[in-house]
Amino acid sequence: MIWWIFGEPFHAGPTIVCICAVIITRVIIGLQAKGRAQVALDISITLLSLLVAILWVQDQQLELLAAGITGIGVGSLGAGIIGIAKGAVGGRVRAAIDAFFGMKS
């Protein structure tokens, strides 16, 4: 079944499997959390994990099993997603800023 969101088609089955896998994984991790601040952080990380996992599943046009495994993997990465993104982009951003300010001096 194909659904449309923001004018883009996506396969409903793999997306729903991926969403369920991320939520279940994050709930299991969240049950180990303590305190209100940790709960708010975990909700934010869960939403970020959902976004990344859904975008990946749609971009790669994964089947149900691969979508479920992707959801579990991204959900278990959690806050590590931020670290991965910072590592991938951070060096380039720092180099661009250094180049920009180096040219101005």
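Colleague: Hi! What should I know before I start clicking on residues?

Modeller: This is a predicted model, so local features need pLDDT of at least 70 and side-chain atom pairs count only at pLDDT 80 or more, while totals for chains, interfaces and linings use all residues. Residues are numbered from 1 along each chain as its sequence is written, and side-chain values use heavy atoms, with hydrogens and water left out.

Colleague: Great. How many helices and strands does the protein have?

Modeller: There are four helices and two strands, in the order β-β-α-α-α-α from the N terminus. Both kinds of element are DSSP runs numbered from the N terminus: helices are H or I with at least four residues, strands are E with at least two.

Colleague: And what is the radius of gyration?

Modeller: The protein has 17 Å, whereas a compact globule of 105 residues would be near 13 Å. That radius is taken over C-alpha atoms, and the globule rule is 2.2 Å times the number of residues to the power 0.38. Along the principal axes, the C-alpha atoms fill a box of roughly 55 × 40 × 20 Å.

Colleague: Let's go to the strands. Which way do strand 1 and strand 2 run?

Modeller: They run antiparallel, with four bridges joining strand 1 (residues 2-5) to strand 2 (residues 8-11). Two strands count as paired if DSSP finds at least two bridges between them. The two form a hairpin with two residues between them, and F6 in the turn has a positive phi of about 50 degrees.

Colleague: Which residues pair up across it?

Modeller: I5 has E8 as its bridge partner in strand 2, and W4 stands opposite P9.

Colleague: I see F10 in strand 2 as well. Buried or exposed?

Modeller: F10 is buried, because its relative accessible area is 13%. The cut-offs are under 20% for buried, over 50% for exposed and partly exposed in between, using a 1.4 Å probe and protein chains only.

Colleague: What does F10 touch?

Modeller: Not counting residues up to four places away in sequence, F10 touches M1, I2, W3, W4, I5, T15 and Q58. Contact here means heavy atoms within 4.5 Å.

Colleague: Which of its residues are buried?

Modeller: A12, P14, T15, C18, A21, V22, T25 and R26 are. Over the whole protein, 25% of the 105 residues count as buried.

Colleague: So what is in the largest nonpolar core?

Modeller: Nine residues: C18, V22, L50, A53, V57, L62, A67, V74 and I81. Helix 1, helix 2 (36-60) and helix 3 (64-77) each supply at least two residues of this core, and helix 2 gives the most, with three. A nonpolar core is a set of buried Ala, Val, Leu, Ile, Met, Phe, Trp, Tyr and Cys residues joined through side-chain atoms within 4.5 Å.

Colleague: What are the contacts of V22?

Modeller: Setting aside residues up to four places away in sequence, V22 touches T46, S49, L50, A53, G71 and G75. T46 lies in helix 2 and counts as buried because its relative accessibility is 14%. With that same exclusion, T46 touches V22 and R26.

Colleague: What about Q61?

Modeller: Q61 lies in the loop between helix 2 and helix 3. Q61 is exposed, with a relative accessible area of 58%, and its phi is near 50 degrees, a positive value in a residue other than glycine.

Colleague: Last one: where does UniProt place the feature "transmembrane region"?

Modeller: The unreviewed UniProt entry places it at residues 12-32, 39-58 and 64-85. UniProt positions are given in the numbering used here, feature names are shortened, and annotations may be inferred rather than shown by experiment. In the model, residues 12-32 are 90% helix and 0% strand, with end C-alpha atoms 31 Å apart. Residues 39-58 are 100% helix and 0% strand, with end C-alpha atoms 28 Å apart.
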